[in-house]
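User: Hi! I would like to learn how to read a protein model, one feature at a time. Could you walk me through this one?

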Amino acid sequence: MSATRGRKLRLAAIVALIVGYASLSHYCITGGRRELGAALAVFPLLALGASLLRRSKGPLIAAAAGVAAALLLYDCRPLLERNFALVYLLEECGMNGLLAAVFGRSLRTGHTPLCTRLADQLHGPLTPAELRYTRRVTLAWTLLFVAITLTTLGLYLAAPLAAWSFFVNFVTVPLIAAMFVAELAVRRRVLPPADRGGMLASLRLFFADR
């Protein structure tokens with residue numbers, strides 16, 4: 001199997017997983033399937049916790065933490081089943097709010113904008129045009145994540161639950177994907193070919209070094 005075919009298959013699998021998870025989540029929220037909805041709601045937290053525990057240098061501590069988390073979830077199961085939509089809300093607002101904070105804090109005076117730092121890792125040193133552009137891109141990502149966070153919270157508080165669920169499950173990820181596409185189009189118009197590393201390439205390099 002070629003490397004290109006392998007990448008395409010991995011991408012297809014990721015897309016299928018995202019669509020499947022979103023569809024099941026929307027079905028549970030709008031259809032009242034509390035048991036499955038609660039399990040899906042805590043799945044991202046469990047996946048993150050498992051990843052952190054796997055990287056832990058103390059296997060006994062990791063095992064104890066895993067058992068404690070499992071017992072806590074079992075004990076809180078009735079509460080989670082009654083309020084699993086709230087868990088989704090906290091995850092969505094927490095994730096997008098954190099991303100907004102990370103991008104936004106890097107724009108403070110005396111700090112290097114996040115997109116500038118990523119681009120510099122990819123093909124630094126940056127030209128003056130790139131420095132200006134990557135700062136504006138960092139601001140654009142900040143505003144996008146702020147808008148998603150506020151919209152998510154506003155719909156949960158003021159709109160029917162089905163409308164809120166549709167937004168968080170079927171709109172937010174395409175919005176972020178559209179942002180990548182729009183940024184690529186703008187970058188190709190305003191920067192010379194040598195300065196077009198891009199956000200995705202920068203992120204691939206960043207995570208490859210982790």
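User: Let me start with P160: does this residue count as buried or exposed?

Analyst: Burial is judged by relative accessible area: under 20% is buried, over 50% is exposed, and partly exposed lies in between (1.4 Å probe, protein chains only). P160 has a relative accessibility of 58%, so this residue counts as exposed. Its place is in the loop between α7 and α8 (161-170). The C-alpha atoms of P160 and T30 are separated by 9.8 Å, although these residues are 130 apart along the chain. Before we go on: this is a predicted model, where local features need pLDDT of at least 70 and side-chain atom pairs count only at pLDDT 80 or more, while totals for chains, interfaces and linings use all residues. Residues are numbered from 1 along each chain as its sequence is written, and side-chain values use heavy atoms, with hydrogens and water left out.

User: How many helices and strands does the protein chain have?

Analyst: Helices (H or I, at least four residues) and strands (E, at least two) are DSSP runs, numbered from the N terminus. Here there are 10 helices and zero strands. Buried residues make up 29% of the 210 residues in the chain.

User: What span does helix α5 reach, and what is expected for it?

Analyst: The expected span is 1.5 Å times one less than the number of residues. Helix α5 (residues 84-105) has 22 residues and reaches 31 Å from first to last C-alpha, close to the expected 32 Å. Its buried residues include F84, Y88, C93 and F103.

User: Which residues does S165 touch?

Analyst: A contact means heavy atoms within 4.5 Å. Leaving aside residues up to four places away in sequence, S165 touches H26, I29 and F170. S165 lies in helix α8 and is buried, at 0% relative accessibility. For the whole chain, among contacts with a separation of 6 or more, 65% are between residues 24 or more positions apart.

User: How many aromatic pairs does the structure hold?

Analyst: Rings of Phe, Tyr and Trp (its six-membered ring) pair if their centres lie within 6.5 Å; planes under 30 degrees apart are stacked, over 60 edge-to-face, and the rest tilted. The structure holds eight such pairs. In one of them, the ring centres of F103 and F145 are 5.8 Å apart with planes at 35°, so the pair is tilted. F103 sits in helix α5 and F145 in helix α7 (residues 128-158), so the pair ties together parts 42 residues apart in sequence. F103 is buried, at 6% relative accessible area, and F145 is buried as well, at 4%. Ring pairs also link F103, W141, F145 and F180 into a cluster.

User: Which side chains meet in a salt bridge?

Analyst: Side chains of opposite charge can pair when their charged atoms come close. The cut-off is a side-chain nitrogen of Lys or Arg within 4 Å of a carboxyl oxygen of Asp or Glu. The structure holds one salt bridge, in which R187 and E183 meet at 2.6 Å, N to O.
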